[in-house]
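Biologist: Could you take a close look at a single helix for me and tell me how it sits in the rest of the fold? Keep the cut-offs in, please.

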Amino acid sequence: MNPQELNILHMTTALRTQMMEMLTDADLSFQIDGNPTLGQWCREMGDVERMYIESFKTLKMPWGMRSDDPSYESSVAALVAWYAQLDAELDATLNAIPDADFQTKAVDRAGGFMMPLGGQFHTYREALLIHCGKCSVYLRALGKEMPLQWRQWIG
C-alpha cells in the first residue's frame, strides 16, 4: 500500500476519532425526524468499514453485512474500541496486498461490476467522508463545536 495514500486515509479516519471525542452516550440517541439516530449512523460507519475490509480480502463486496452488537448504537466506548479494531484490521489487510495488485486486481461490487482495488480503496475513503458529512448535521443540531479539520474538510 502506498504510504502516502494510507496516510491520507488515516487523516480521514481522524475525523471519526474527533467526533467520538466530542460525543456522549446520550448523544448517540439523538435523532432528526424521519432519520436514523446518530448511534445508528455510527454503527453503519463501522459496518461499511467491515464490508470494505472483507472486499479487500475476498475481492467480492459483501453488501448487507451488519453488526448485531447493540452497544455500537448506544456506547461511545464500544464504538471507539470497535473502530480501533476495524482500523487495525484494515491497515493490516491493505498492507498485505502487493502494490501491483491495486492496479491489476478488482473487486466484484455486484453483478459483475468490477472495481480495481485502487478504486475500491478510494471509494472506501469517500464513503467515510460521506458518513462524516451525515454525522455533521447531527453534530450541528446537537450544538457541538466542530474541530478545525471538520470545518476544513466537511464544512
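Modeller: There are six helices and two strands in the chain, counted as DSSP runs (helices H or I, at least four residues; strands E, at least two) and numbered from the N terminus. Along the sequence they run α-α-α-α-β-β-α-α. Bear in mind that this is a predicted model, where local features need pLDDT of at least 70, side-chain atom pairs count only at pLDDT 80 or more, and totals for chains, interfaces and linings use all residues. Residues are numbered from 1 along each chain as its sequence is written, and side-chain values use heavy atoms, with hydrogens and water left out.

Now to α3, residues 76-96: its 21 residues reach 30 Å from first C-alpha to last, close to the expected 30 Å, which is 1.5 Å times one less than the number of residues. Its buried residues (under 20% relative accessible area, 1.4 Å probe, protein chains only) are Val76, Ala78, Leu79, Trp82, Tyr83, Leu86, Glu89, Leu90, Thr93 and Leu94. Seen down the axis of α3, they fall within an arc of 155°, so they line one face of the helix; the arc is taken from the directions from the helix axis to the C-beta atoms. As background, an α-helix has 3.6 residues a turn, so residues three or four places apart point the same way. On the other side of α3, Ala77 and Ala96 are exposed, meaning over 50%.

What do the buried residues of α3 pack against? Their partners are α1 (3-22), α2 (38-58), α4 (101-104) and α5 (117-141), with contact meaning heavy atoms within 4.5 Å. For the chain as a whole, 45% of the 155 residues count as buried.
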